[in-house]
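Keep the viewer open as you read.

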Amino acid sequence: MDAEFVQRSKKIRERLVQLGDSLDYAAKREEIESIEARMGQPDFWDDNEAAQAVVAQLKGLKAIVGPMGKLSTAVEDLDALFEMADEDESIAEEVEAEIERLEKILDDLELKALLNGPNDSAGAIITINARDGGTDANDWADMLLRMYSAWAVSQDYSIQLLDRQENEEAGINHASIAVRGPMAYGYLKGEEGVHRLVRISPFNSEGKRQTSFAAVSVTPEIDDSIDIDIEEKDVRIDTYRAGGAGGQHVNKTDSAIRLTHVPTNTVVQCQNERSQHQNKATAWKMLRAKMARIEEDRRDAEDASKYATQARTGFGSQIRNYFLHPDQRVKDARTGHYVGSFNSVMNGSELQGFLDAFLRLKAGKQEKV
């Protein structure tokens, strides 16, 4: 057998052992067994919301344990494949292809191992606000909303629209969605910041180049079991009429809710539920998520020295540039990750590369650019 293949096989085994330790593979298998036992109880579905949270937890665990188990079996089968290759040289190409496949699976799982933050396994609440750029910015905010929705669908995640305010001319003023699936927040949290678009404006009759900005906020969708300290006296509650720019979408009752956490000037709002009571409950959930993100950012700032390279995030920072003119490309300002196709990013198919690059940056494993 080729010495290179033997060496790569040895490296795969070493990485697999390290990965099992970092992911606490054995403990996760036990946790899966425990959850499945709970799900078998006759009263499991009595509290539907709590049950759904457990199901989501199980799905997240299996997303790691399943591939790890299959990888372990495949690695054990390498010895047999090597023996076959020693007897038949034509199998060498098959051996190389299998090693490359296992290395890719390991790369993916090692990336998931970076998702070890306290809220990384949670769902994500994405809020997009149009910023500078007039109507182009409103249209750009709507384009970003569609991009994240397309990515979520490609990952087999579920999406719930929490809030959406249309702009009178085009696009949206702001919108919020919940994205639910394994490690949704862990992947998406690096998207927080300002996204910049440069293009020939479709709203300008003179065909001039326009620069537009939209701000993206990402917070973990946390359940009631996580303690978030919010004093009700610190929160201002405002009601307003839900609906779009006019016409049939106007709601004649003040069913929409806006919550403002006065000490931090944190604002959330919800208008997409059927009643004021439901909007209020969802808004409180969104506020708890925002406060959890603030606390997480505070901890990250305290631990900043452990990162090899600092990843700049937040509403005040421009994190990514999207170009439709003079050429089509997208480049991240923090990681340097680059895609030469605007549309492949906007349809969600190549967004994952930006998410992965940010994870590597946070772990001090920045890609070469």
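Helix 1 and helix 4 (residues 78-87) pack at an angle of about 175 degrees, and their axes are 12 Å apart. Angles over 145 degrees count as roughly antiparallel, so helix 1 is roughly antiparallel to helix 4. On the helix 1 side, the residues that make this contact are Phe5, Val6, Ser9 and Arg13, and they meet Leu78, Asp79 and Phe82 in helix 4. Sorted by class, the contact of helix 1 with helix 4 has four nonpolar residues, one polar and two charged. Bear in mind that this is a predicted model.

Now stay with helix 1 and look for its other partner here, helix 5. Helix 1 covers residues 3-23 and helix 5 covers residues 92-112; their axes come within 10 Å and cross at roughly 25 degrees. With the cut-off for roughly parallel set at angles under 35 degrees, helix 1 and helix 5 are therefore roughly parallel to each other. Their crossing is left-handed. From helix 1, the contact takes in Phe5, Arg8, Ile12, Arg15, Leu16, Leu19 and Leu23. Across from them, helix 5 brings a list that includes Ala92, Val95, Ile99, Leu102, Leu106 and Leu109, along with Glu96, Glu100, Glu103, Asp107 and Glu110. The contact of helix 1 with helix 5 divides into 11 nonpolar residues, seven charged ones and no polar ones.

Zoom out for a moment. The chain has 10 helices and 11 strands. Of its 369 residues, 46% are buried. Among contacts with a separation of 6 or more, 65% are between residues 24 or more positions apart. The chain exposes about 19100 Å², with carbon and sulfur atoms supplying 46% of that area.

Next, find Arg293 in helix 8 (residues 276-302). Is this arginine buried or exposed? Its relative accessible area is 6%, and since buried means under 20%, Arg293 is buried. Setting aside neighbours within four places in sequence, Arg293 is in contact with Tyr185, Lys189, Glu192, Val218, Thr219 and Pro220.

Gln155 sits in the loop between helix 6 (134-154) and strand 2 (158-166), and at 32% relative accessibility it counts as partly exposed. The C-alpha atoms of Gln155 and Gly348 are separated by 9.6 Å, while the two residues are 193 residues apart along the chain.

Most residues other than glycine have a negative phi, and most peptide bonds are trans. Asp24 is not a glycine, yet it has a positive phi of about 55 degrees. You'll find Asp24 in the loop between helix 1 and helix 2 (25-39), where it counts as partly exposed at 45% relative accessibility. Asn265, also not a glycine, has a positive phi of about 55 degrees. Asn265 is in the loop between strand 7 (256-261) and strand 8 (266-270), and it is exposed, with a relative accessible area of 61%. As for the peptide bonds, the one from His325 to Pro326 is cis, with omega near 10 degrees. Pro326 lies in the loop between strand 9 (318-323) and strand 10 (329-332).

Methods:
Residues numbered from 1 in each chain as written. Predicted model: local features only at pLDDT ≥ 70, side-chain atom pairs only at ≥ 80, totals over all residues. Heavy atoms only, no water. Axes fitted to C-alpha atoms, helices over the stretch in contact; angles between N-to-C directions. Helix = DSSP H or I, 4+ residues; strand = E, 2+ residues; numbered from the N terminus. Parallel < 35°, antiparallel > 145°, perpendicular 65-115°, else oblique. Left-handed = near helix turned anticlockwise from the far one by under 90°. Contact = heavy atoms within 4.5 Å. Nonpolar A, V, L, I, M, F, W, Y, C, P; charged D, E, K, R; others polar. Buried < 20%, exposed > 50% of the residue type's maximum accessible area, 1.4 Å probe, protein only. Areas by Shrake-Rupley, 256 points an atom, 1.4 Å probe, with all protein chains shown as cover.
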